[in-house]
Amino acid sequence: MDIRFERNIGALSLQEQRRLFEKSVCIIGCGGIGSRTAELLLRAGIGSFTLIDNGRFNPSDYNRHPLYRPALDGRFKVTALRRALLGIEPTCRIETVRKPCEISPLPPCDLYIDATDSKAAHRHLAQAAPMPLLHAQAFGYIAKIVVSTPASKLLSDLYPDLRPVLYPAGRLGAMDAFCAAMLCIKATQILSSESGKPVEAGISEYRLI
């Protein structure tokens with residue numbers, strides 16, 4: 001076992017850890033939640049990523065994007081995230097797609113993570129993802145982690161109204177970190193399990209204060 005992953009053992013069996021090395025994850029949205037989730041999954045052992053986002057850095061990313069630096073204003077987030085991940089693990093396979101998050105069809109992967117901030121994208125991805133889709137919603141000190149499957153309509157139920165929110169609820173960057181941690185745990189649980197084991201759809205809510 002690679003010494004870098006020895007401390008995963010116990011939470012994961014050796015067989016489960018080896019499964020993660022072979023898995024691919026598509027992360028749609030490379031903001032505060034998506035970028036943190038990608039790094040956590042990389043350090044858990046995921047061997048391949050597809051990163052989708054056409055957003056650029058701007059000063060509003062200061063409070064919650066871990067990669068934000070003033071020098072990156074105007075640069076693509078997906079490019080910066082790829083560079084950061086390869087700086088951690090140069091052998092990781094990473095594809096980037098600089099397109100809107102409502103992309104279709106989605107590239108083939110073992111798991112999809114919706115880390116976007118668009119209601120329309122949430123509903124589109126829930127229908128477009130051919131495999132299980134994870135999603136995080138955070139506002140204030142409340143977080144929801146969604147496991148959606150092609151047969152479920154959880155995201156459509158969670159976002160029935162597509163009208164934009166004029167004054168969206170704010171959140172601290174720590175909430176993005178919490179969501180990323182929970183997404184990583186859910187993802188590793190799904191991806192490390194035996195092939196063919198059904199994924200159960202559901203919503204978990206966390207009220208932190």
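At what angle do α2 and helix α6 pack, and how far apart are their axes? Helix α2 and helix α6 (residues 173-191) pack at an angle of about 40°, and their axes are 8 Å apart. Axes here are lines fitted to C-alpha atoms, for helices over the stretch in contact, and angles run from 0 to 180 degrees between N-to-C directions. Helices (H or I, at least four residues) and strands (E, at least two) are DSSP runs, numbered from the N terminus.

The model is predicted: local features need pLDDT of at least 70, side-chain atom pairs count only at pLDDT 80 or more, and totals for chains, interfaces and linings use all residues. Residues are numbered from 1 along each chain as its sequence is written, and side-chain values use heavy atoms, with hydrogens and water left out.

The angle between α2 and α6 makes the pair oblique, since angles under 35 degrees count as roughly parallel, over 145 as roughly antiparallel, 65 to 115 as roughly perpendicular and the rest as oblique. Their crossing is right-handed; a crossing is given that hand if the near helix is turned clockwise from the far one by less than a right angle, and is left-handed if anticlockwise. On the α2 side the contact (heavy atoms within 4.5 Å) includes Gly32, Ile33, Arg36 and Leu40. Among the α6 residues that take part are Asp176, Ala180, Leu183 and Ala187. By class, the contact of α2 with α6 has eleven nonpolar, four polar and two charged residues. Ala, Val, Leu, Ile, Met, Phe, Trp, Tyr, Cys and Pro count as nonpolar, Asp, Glu, Lys and Arg as charged, and the others, Gly among them, as polar.

Helix α2 (residues 32-44) also packs with helix α3 (residues 77-88), at an angle of about 20° and with the axes 11 Å apart. That angle makes α2 roughly parallel to α3. The crossing of α2 and α3 is right-handed. Ser35, Ala38, Glu39, Leu42 and Arg43 of α2 meet Leu81, Leu85 and Ile88 of α3. This contact of α2 with α3 divides into five nonpolar, one polar and two charged residues.

Next comes the sheet. Seven strands form an open sheet in the order β3-β2-β1-β4-β5-β6-β7, with mixed pairing; two strands pair if DSSP finds at least two bridges between them. β3 (93-97) and β7 (202-207) are the edge strands, each pairing on one side only. From one strand to the next the twist averages 15°.

Strand β1 (residues 24-28) runs parallel to strand β2 (residues 48-52), and five bridges join them. In this part of the sheet, Cys26 stands opposite Thr50 of β2. β2 and β3 are likewise parallel and joined by five bridges, with Val97 of β3 as the bridge partner of Ile52. Helix α3 lies across β2 and β3 and runs at about 175° to β3. Together β2, α3 and β3 make a right-handed β-α-β unit: with the strands pointing away from the viewer, the path from the first strand over the helix to the second runs clockwise.

Two loops remain. Gly55 sits in the loop between β2 and α3. Leaving aside neighbours within four places in sequence, Gly55 is in contact with Arg75, Phe76 and Lys77. The loop between β3 and β4 (111-114) holds Pro105. A cis peptide bond, with omega of about -5°, joins Ser104 to Pro105. In general, most peptide bonds are trans.
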